[in-house]
Amino acid sequence: MGSVSNQKKIQHLFSRAAFGITPQELEKRKKQSPAEAVEELFKESEHFEELQAVSLEQMEAMSPQDRKDLNEEERKKFRELRRKSVQDLNLTWLEKLWKDPARLRERMTFFWHGHFACRLEAPFALQELNNIHRRAALGSFREMLMDVSKCTAMLQFLNNQQNKKMHPNENFAREVMELFTLGRGNYTEQDIKEGARAFTGWSFEMPSGKFVFKANQHDDADKTFLGKTGNFKGEDILEILLEHKETALYITRKLYKFFVNDIEDSGQIRELADVFYASGYRIDTVMKHMFSSDWFYSPENIGAKIKSPVDLIVGLNRLIPITYDNKDGLLLFQRSLGQALFYPPNVSGWAGGKSWIDSSSLMFRLKTPALFVNEGHIDIVPKDDLLDGKPQIMNDSQKKEELTGKKKKFNPRADWKGFLASFPAGVSREEIIEMILVAKPSSALSKTLVGFKQDNHREFIMELLSTPEYQMA
Amino acid sequence: MASAALFVPSFLKAFEKRSFLEKAGNKVLVIIQLSGGNDGLNALVPFENDIYYNKRKTLSVPKSDIIRLNDHQGMNPAMKALQEVYDQGWMGVLNSVGYPNPDRSHFRSMDIWQSASHSEEYLNTGWIGRYLDSSCQGCGKPYNAIEVDDTLSLTMKGMTQKGIAVKDPVKLYNATREPFFKEMTDASKSEMLNEDNLGYLYKTMIETYSSADYIHATNKTVDTKGEYPNSAFAKQLKMISKFIQNGLETKVYYVSLSGFDTHVGQKGTQERLLKDWSEGVAAFLRDLKSGGRLDDTMVMTFSEFGRRVEQNASNGTDHGTANNLYLFGGKLKQKGILNEAPDLSDLDEGDLKYKVDFRSVYATLLNKWLESDAKGIIGSEQLQMNFI
């Protein structure tokens with residue numbers, strides 16, 4: 001096992017903390033210490049812009065006051081408006097992920113988006129939740145947890161998502177404990193029941209969606225939760241959950257799997273959990289610690305993770321500037337690859353890792369870069385995304401048409417000229433490989449590349465982008 | 001650096017236990033998924049039940065139109081292609097199939113059916129994927145389970161083994177012959193593959209290449225002679241029939257038909273879909289019969305939930321719970337309507353109560369048809385049923 005060059009460390013850092021790094025920027029930073037680069041990444045993210053795809057006016061236009069007066073046609077129209085609006089939200093955020101200078105913050109927001117997974121046909125509420133993630137992305141997890149638990153999207157989603165006859169708050173309590181804080185196995189059913197009692201009265205007013213505490217609906221008596229007894233309110237339950245070190249472990253385990261390696265190192269995770277807990281759940285502190293640890297830059301972590309679909313799409317767009325005539329095709333890609341922003345499969349988010357890959361998806365993934373930067377033709381039809389209420393009666397060609405747009409085609413145009421010019425003069429083949437691929441080329445690939453006869457760099461880079469190695473981060 | 005080979009030396013293969021894949025012989029399971037929540041009450045109609053007509057004043061199927069199967073239930077006329085199938089004894093229907101604490105959201109309920117989980121569990125694998133995992137440690141092939149689609153459903157994804165999604169075997173073959181892909185695959189075949197993620201990608205690439213090869217090479221001998229309707233769905237069944245008749249070592253096929261989420265103006269849409277489904281299935285079974293493979297084939301049709309008993313204000317129905325499940329094949333031990341019609345007077349807030357847990361249907365298919373062991377594939381203990 002060789003040692004890792006400084007350039008590789010920098011490339012690895014940006015691959016994990018941002019969505020990759022251009023050859024141009026890598027050339028500038030290759031002599032920089034990782035510690036310095038980490039500082040700059042944090043500084044870069046101090047200032048940020050909120051996601052603003054849906055305005056308040058638009059929201060009000062989509063959410064009529066008197067639903068009872070509407071007939072089914074009108075109701076359908078509003079549902080369509082909301083559906084389209086969530087799609088706009090998706091495309092706006094996707095673009096923000098590759099354009100926004102606050103790279104680390106957007107990356108963290110993406111992580112929290114999967115952790116606090118929420119699926120709802122309420123674009124304004126989803127946007128609000130997304131901005132809560134962004135605001136607290138590198139701040140206080142305590143604040144994040146409070147704000148997320150009280151936001152419209154989560155209250156609606158968790159109270160209704162299983163649409164069961166159970167008491168709605170029991171579901172809310174369960175998901176908060178199982179998925180957001182402690183994780184399974186660290187509480188009893190009785191704890192859920194007691195926790196649920198403390199959350200009674202948590203509601204939101206319509207149509208603004210603002211959180212409101214309905215005192216007359218609140219269960220005022222004593223509760224016994226995780227061994228403590230008292231007249232707890234919802235906020236108290238969240239505090240107790242944070243008091244348990246298990247919450248810090250649960251979160252850092254997830255952070256580790258997302259940012260470091262699918263395979264857990266319990267010692268390193270415990271180290272992160274200790275730091276996280278001791279800091280009072282400061283996200284910036286634990287992330288700085290992670291990015292500053294020697295083990296983060298260890299060879300077995302470099303290029304070891306399979307990119308998520310969003311990673312793949314955003315990484316490509318950060319690498320080579322691409323313009324589109326019609327961005328709807330980006331939705332088609334997300335769905336075909338198995339991950340679409342704002343459409344998590346369920347409350348537990350996306351499984352990640354090897355689950356992205358099967359025989360069919362791998363073939364498509366290997367082709368995806370060419371489709372983006374070599375103006376290829378999309379020929380895959382994703383499964384129906386069964387959002388309630390939408391009749392799915394289109395055949396395949398209709399689906400393709402709707403998703404890629406007949407009149408304004410996807411038409412991605414990559415700026416190859418600019419991209420090739422950004423490489424240092426006289427760059428060698430080996431250097432290009434180092435800059436494009438984070439993962440070390442396999443012996444199979446090295447064999448293939450040696451025999452590669454093409455003269456021009458564009459063809460060569462195209463082939464690099466089509467390798468399994470490029471699928472790794 | 002860890003560098004364990006991912007292939008098993010051939011001399012060791014002789015000592016392996018016979019896998020389930022081999023034990024099941026030529027038996028094949030075809031799963032048809034009706035996506036959106038098919039309204040079972042309007043498909044298999046309880047025509048003797050006044051409640052049905054009272055709750056569906058405009059949406060009910062007129063009594064005189066119904067193709068009666070027994071004294072209590074009959075088919076929607078759109079399903080007339082199945083009458084012959086029924087009469088031949090190739091059809092079995094289970095009423096009131098569902099699960100406890102039903103979920104009425106599409107993606108959640110579909111996940112539950114595909115992963116065979118409890119309604120509060122979130123599994124990342126599907127029941128057929130786990131069947132592949134259990135049936136052959138490390139020697140299974142993706143083509144042992146084929147889904148006719150561009151992307152693979154959760155059903156077909158196991159922890160270590162996954163099926164393969166093939167919409168067009170020729171396209172797949174050509175895709176794997178593209179120069180760079182072929183070169184990389186050839187180069188990696190002779191290399192030792194790591195067990196890490198990159199190694200997994202290369203392993204998957206090699207498997208895809210060989211699956212495409214295998215399907216292409218094997219799918220040549222027999223061409224199906226049967227007449228099929230001219231629909232995309234029927235063509236997919238025709239493709240499956242060809243695979244079966246050419247003797248592909250595929251144990252499970254998966255295909256879906258979508259559009260059943262009929263909240264508004266149900267009649268026309270559902271009739272069209274039921275017709276597409278029935279005619280496709282009938283043609284498929286006849287084709288297999290003439291090819292001598294009907295006795296080896298079992299078809300299961302399901303939907304992620306049924307719909308509410310009472311129609312809504314838009315001449316449609318909303319998401320419900322329990323539903324019918326259809327079984328087709330040449331070797332059904334029990335034929336026809338296998339249990340009681342749903343009790344419309346004993347509802348759960350307007351929804352049908354389940355009487356048969358869908359996981360016991362799965363377990364029966366796994367144990368008796370695929371000769372596998374449902375324990376370890378389906379998490380909980382399930383009753384064995386007797387339709388096979």
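## Two helices of chain B

In chain B, helix α11 (residues 232–245) and helix α12 (residues 266–290) have axes that come within 9 Å and cross at roughly 20°. Because of that angle, α11(B) is roughly parallel to α12(B), a label for angles under 35 degrees, with over 145 counted as roughly antiparallel, 65 to 115 as roughly perpendicular and the rest as oblique. The crossing of the two, α11(B) over α12(B), is right-handed.

The residues of α11(B) that meet α12(B) are B:Phe233, B:Ala234, B:Leu237, B:Ser241 and B:Ile244. On the α12(B) side they meet B:Asp276, B:Trp277, B:Glu279, B:Gly280, B:Ala283, B:Phe284, B:Asp287 and B:Leu288. Here, residues are in contact if their C-beta atoms, placed from the backbone, lie within 7 Å. This contact has eight nonpolar, two polar and three charged residues. Ala, Val, Leu, Ile, Met, Phe, Trp, Tyr, Cys and Pro count as nonpolar, Asp, Glu, Lys and Arg as charged, and the others, Gly among them, as polar.

## Basis of the model

The model is predicted: local features need pLDDT of at least 70, side-chain atom pairs count only at pLDDT 80 or more, and totals for chains, interfaces and linings use all residues. Residues are numbered from 1 along each chain as its sequence is written, while chains are lettered from A and ligands numbered from 1 in the order in which they are written.

## Chain A as a whole

Chain A has 23 helices and six strands, taken as DSSP runs (helices H or I, at least four residues; strands E, at least two) numbered from the N terminus. Of its 473 residues, 45% are buried, that is, with 20 or more other C-beta atoms within 10 Å of their own. Among contacts in chain A with a separation of 6 or more, 73% join residues 24 or more positions apart.

## Domains of chain A

An automatic or database assignment gives chain A domain 1 (6–44 + 245–301) and domain 2 (309–471). Twelve residues of domain 1 are in contact with twelve of domain 2. On the domain 1 side, α1 (6–17) and α2 (23–29) of chain A each supply at least two residues. That side divides into three nonpolar, seven polar and two charged residues.

## Where chain A touches chain B

Between the chains, 53 residues of chain A are in contact with 50 residues of chain B. On the chain A side, the elements giving two or more residues are α5 (72–99), α18 (359–373) and α22 (443–450). Of these, α18(A) gives the most, with six residues. By class, the chain A side has 20 nonpolar, 19 polar and 14 charged residues.

Definitions and conventions: Axes are lines fitted to C-alpha atoms, for helices over the stretch in contact, and angles run from 0 to 180 degrees between N-to-C directions. A crossing is left-handed if the near helix is turned anticlockwise from the far one by less than a right angle, and right-handed if clockwise. Two residues are in contact if their C-beta atoms, placed from the backbone, lie within 7 Å. A residue is buried if 20 or more other C-beta atoms lie within 10 Å of its own, exposed if 12 or fewer, and partly exposed in between; C-beta atoms are placed from the backbone.
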